[in-house]
Amino acid sequence: MDFQLTSDQRALKAGMRELLAARFGRDALRAAVDRPELDRTLWRALGEAGFFALRLPESEGGVGLGLPEAVLLFEEAGRALLPGPLVASHLAAGAVKGAAGGETVVTRVDGGLVGWLAEADHVQGDASGATPLRSVDPLTPLHRTGGRRTTGDPEAVLLAAAEQLGSAARSTELAVQHAQEREQFGRPVGSFQAVKHLCADMLVRTEVARAAVYAAAVTGDAEEIAGAKLLADEAAVRGARDCLQVHGGMGFTWEADVHLHLKRAWVRAEQWQSAKEACEVLAAAL
Amino acid sequence: MDLTYTEEEEAFRAGLRGWLATALPQLPPRPDPLDWPARRAYDTTWQRMLYGAGYAGLHWPEAAGGRGATPTQHLIYLEETEKAGAPYVGANFVGLLHAGPTIAAEGTPGQRARWLPPVLRGDEIWCQGFSEPDAGSDLAALRTRAVRDGDDYVVSGSKIWTSHAEVADWCELLVRTDPDAPKHRGITWLALPMDAPGITVRPLRTLAGSAEFAEVFLDEVRVPVANRVGAENDGWRVTMVTLSFERGTAFVGEVVACRRTLAELAKTAQANGSWDDDALRRQLGRLNAEFTALWRLTQWNVSAAQRGGGVPGVGGSVFKLRYSHARQELFDTAARVLGPDALDLGRDLTLDRLSSLSYTIAAGTSQIQRNIVAERILGLPKGR
């Protein structure tokens, strides 16, 4: 047993972080908030980097890697708040022409919701009669559809959980950074236990979710994936809430990135498998 | 990331299972929890059986008489013994998990030869004299005094929360030898023989009704200077050498047991109708996620220890914080499943619910653990 990242896995994760820092840094993120369109140049760059074709066999032009590696890339995507129908497009690689290379943007109807419907080139599922809603997340255009989710696709659930994990880790970092810099009563607010303990709990939730998400990626077990999603949803949503609290008044502004993590975490918590659905899967497994 | 065990690890598991299958039926019946001498006899009998089979001190270095097993082998050992229903360390806890490793790391060759083999063989029992009435979370504020007099220290003071004090042969004792030094720099580690004149042991009744702990009063007790491990006034560092590095295995058996309890609880809920309560059923599902994740976090920490030779204690703080609260949630949920039966002290789950209340306090309260996580992992400034 060696339940730690291999050096190749660490390199892959670091490479994805570098790519996103260069192509989707903070300025790009804020520009996207002001003008929420899908950046097709970035989408193709992701395609070239193997983000979508990661798990296709090399004989089919893919990278030939597995779910654990996909989870590491999606964690980085979640950390950077990378927008777009990432999960649906990744899962469509090999099945929908052009998805693997990032030429075709694919979205999928899921549980009465579909994201990026107007921007996508290909829609999986029945989106007839879809009506737009004013999405709470400025970086995720959403439509409501009539359908209901019967069972979650475990791979989609897992990849969304990985994004939540990345977001939870980033919220923890943002909170700690603010707590170190912001001074009140003549000292950093992070020296107060009331603030410190919020940050510690954020880290604990993140690290527990990390163990759950990584293990679920290794086993591919649907019940373990449900657990990973449940814990990663909690880590992301509660992490963003606590990050907002640590930021004080600044956290309530549009300018701070905190609300972007919280809103995306809310969207992802509803996508692919909700907490209620995950709990039922986990109860039935007992 | 690899969750499969190597052939060597599986061979170790198979050998252990085989031995457990023949050894466990030879154990006497479990003793009455209130009968301390019987508990000692039971726990040391088990330790002697482990010694005979070569499993004693599995995780100790070979130079100290142990087997030098890897963290993963230790994980497998704890998992398999729990699954087989074997006893845990019991009265051997302090000797095997703290005093012994401390002596192995910091003792002289003579001290190692005197104290380590009897721990491994189950001949001698150790207890721990660290906490005091006025030194809990702030352990370094301890005030039990030791004054040098010839070849002895003369020790006076009181200790609290000492498990197995009634039946222990030795106590690993922290004393203040320099009252003028900064509090961490005036502490010394001594091996106190529990039959020395001047020691009074008084059982401490907990809210669970049992006397798992004791208070130990020391009135001018003479302890030979030769019983000091490490230098005078260096006892804080000597103690932390063992406390600050662990292998991620501290709660392996308990997590295995909690997962079994949860599965049994689901069956009880299905039988008594509480399974039809959506909120309660989903809460049981949530706990399934929780304890599965805690098992995976254990494997993660053990793998980190295996790679790096040790997990800094701060990694243990993350685990302990989450686990101690999860354990309380498990038994609170059990009470919801049991309904009125949860008020019956005749049920193990009721006693477990009561004892779970100590988990967020003992060995570093959750508040202290959060300080450790915030300051040592996240790098937030020290403060109040």
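**A chat about two chains**

Guide: Let's begin with B:G383, which sits in the segment after helix 11 (366-377) of chain B. Keep in mind that this is a predicted model.

Visitor: Okay. Is B:G383 buried, exposed or partly exposed, and why?
Guide: B:G383 is partly exposed, because 16 other C-beta atoms lie within 10 Å. To count as buried, a residue needs 20 or more.

Visitor: What is B:G383 in contact with, leaving aside its neighbours within four places in sequence?
Guide: Residues from the other chain: A:R187, A:S191 and A:F192.

Visitor: And how far is B:G383 from B:R40?
Guide: Their C-alpha atoms are separated by 44 Å, and the two are 343 residues apart along the chain.

Visitor: Back to the two chains. How many residues of each are in contact with the other chain?
Guide: 42 residues of chain A are in contact with 40 residues of chain B.

Visitor: Which elements of chain A give two or more residues to that side?
Guide: They are helix 6 (154-181), strand 7 (187-188), helix 7 (193-219), helix 8 (222-246) and helix 10 (275-284) of chain A. Helix 7 of chain A gives the most, with 16 residues.

Visitor: What classes of residue are on that side of chain A?
Guide: It has 25 nonpolar, 9 polar and 8 charged residues.

Visitor: Next topic, cores. How many residues are in the largest nonpolar core?
Guide: That core has 135 residues. Those with the most contacts inside it are A:V71, A:L158, A:C199, A:A212, A:V213, A:L231 and A:A232. Helix 7 of chain A gives the most to this core, again with 16 residues.

Visitor: Pick A:C199, then. What does A:C199 touch, not counting residues up to four places away in sequence?
Guide: In chain A, A:C199 touches A:T172, A:A175, A:V176, A:A179 and A:V246. From chain B, A:C199 touches B:A374, B:L378 and B:L380.

Visitor: What other core lies apart from the largest one?
Guide: There's another core of 45 residues, and B:I125, B:W189, B:L190 and B:V216 are among them.

Visitor: Let's talk helices. How does the length of helix 4 of chain B compare with what it should span?
Guide: Helix 4 covers residues 93-106 of chain B, and at 1.5 Å a residue its 14 residues should span 20 Å. The end C-alpha atoms are 19 Å apart, which agrees.

Visitor: Where does helix 4 of chain B bend?
Guide: At B:A99, by about 40°, and a proline, B:P101, follows within four residues.

Visitor: Is helix 4 of chain B mostly covered or mostly uncovered?
Guide: Mostly covered, with 10 of its 14 residues buried. The buried ones include B:V94, B:L96, B:A99, B:P101 and B:I103.

Visitor: What covers those buried residues of helix 4 of chain B?
Guide: The cover includes helix 5 (109-121), strand 1 (126-129), strand 4 (170-176), strand 8 (228-229) and helix 6 (235-243) of chain B.

Visitor: Where are B:H164 and B:A363?
Guide: B:H164 is in the loop between strand 3 (152-163) and strand 4 of chain B. B:A363 is in the loop between helix 10 (348-356) and helix 11 of chain B.

Visitor: Buried or exposed, or in between, for B:H164 and B:A363?
Guide: B:H164 counts as buried because it has 25 C-beta neighbours inside 10 Å. B:A363 has 14 inside 10 Å, so it counts as partly exposed.

Visitor: Last one: what do the chains look like overall?
Guide: Chain A has 10 helices and 7 strands. Its radius of gyration is 19 Å, close to the 19 Å that the globule rule gives for 286 residues, so chain A is as compact as a globular protein of that length. Buried residues make up 53% of chain A.
Guide: Chain B comes to 11 helices and 10 strands. The radius of gyration of chain B is 22 Å, close to the 21 Å from the globule rule for 384 residues, so chain B is as compact as a globular protein of that length. Buried residues make up 40% of chain B.

Terms used
Residues numbered from 1 in each chain as written. Chains lettered and ligands numbered in written order. Predicted model: local features only at pLDDT ≥ 70, side-chain atom pairs only at ≥ 80, totals over all residues. Contact = placed C-beta atoms within 7 Å. Nonpolar A, V, L, I, M, F, W, Y, C, P; charged D, E, K, R; others polar. Expected span 1.5 Å × (residues − 1). Bend = angle between axes of the 7 residues up to and from the residue. Buried ≥ 20, exposed ≤ 12 C-beta atoms within 10 Å, placed from the backbone. Core = buried A, V, L, I, M, F, W, Y, C linked by C-beta atoms within 7 Å. Rg over C-alpha atoms; globule rule 2.2 N^0.38 Å.
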